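Q: I would like a close look at one part of this model. Please keep to the salt bridges and the exposure of the side chains in them.

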Amino acid sequence: MRHIISVLLENEAGALSRVAGLFTARGYNIESLTVAPTEDPSLSRMTLVTRGSESVIEQITKQLNKLVDAVKLVDLTEGLHIERELLLMKVKASNNNQREEAKRLVDIFQGRIIEVSENSYVLEVTGRGEKIEAFIKAIEPSLIIEVVRTGASGIGRGNRSLQV
């Protein structure tokens, strides 16, 4: 089963490496990983997506909680949450048909064209991973020049939050 785990970490050198090392040492895979400072400059929020049985996820969370750098942890998939991913895609747009098709798909998926050049567009789409996958599949593969994805970020709904 897919899990989104958010961890508040001390914002210092080596913290990310220790988390990655924990996964590597136990043979667990990280599907996506995002890390950025929080409103408190001494803390970073790491959001990682992984898959495993309940016992594997329990082991992962126990091991993460043991890390010196980990301040607090929550498995977002255990309750109501919002998750989003960002996609940036560069596509060929050298003729009217290509331009119109890109505009049409961006409108359907509620995205944006964020850069226009003579022969290409850079498109931006945000949403759940399923939406991002559907957008990628909707674009003619021969038109795709480059794809960049952030991986999932998430936050609890309502009163549910990850804070110290």
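Is glutamate 83 buried or exposed, and which residue does its side chain meet in a salt bridge?

A: This is a predicted model. Glutamate 83 counts as buried because its relative accessibility is 4%, and the cut-off for buried is under 20%. Its side chain meets that of arginine 128 in a salt bridge, with an N to O distance of 3.6 Å. Glutamate 83 belongs to strand E5 (residues 81-92), while arginine 128 sits in the loop between strand E7 (120-127) and helix H4 (129-138), so the bridge ties together parts that are 45 residues apart in sequence. Arginine 128 is partly exposed, at 36% relative accessible area.

A salt bridge joins the side chains of glutamate 85 and arginine 149, at 2.5 Å from N to O. Arginine 149 is partly exposed, with 33% relative accessible area.

Another salt bridge pairs glutamate 31 with arginine 51, their closest N and O atoms being 2.5 Å apart. Glutamate 31 lies in the loop between H1 and strand E2 (32-37), and arginine 51 in strand E3 (residues 43-51), 20 residues apart. Here glutamate 31 is partly exposed at 41% relative accessibility, and arginine 51 is partly exposed at 49%. The structure holds 11 salt bridges.

Note on methods:
Residues are numbered from 1 along each chain as its sequence is written. This is a predicted model: local features need pLDDT of at least 70, side-chain atom pairs count only at pLDDT 80 or more; totals for chains, interfaces and linings use all residues. Side-chain values use heavy atoms; hydrogens and water are left out. A salt bridge is a side-chain nitrogen of Lys or Arg within 4 Å of a carboxyl oxygen of Asp or Glu. Helices (H or I, at least four residues) and strands (E, at least two) are DSSP runs, numbered from the N terminus. Buried means under 20% relative accessible area, exposed over 50%, partly exposed in between (1.4 Å probe, protein chains only).
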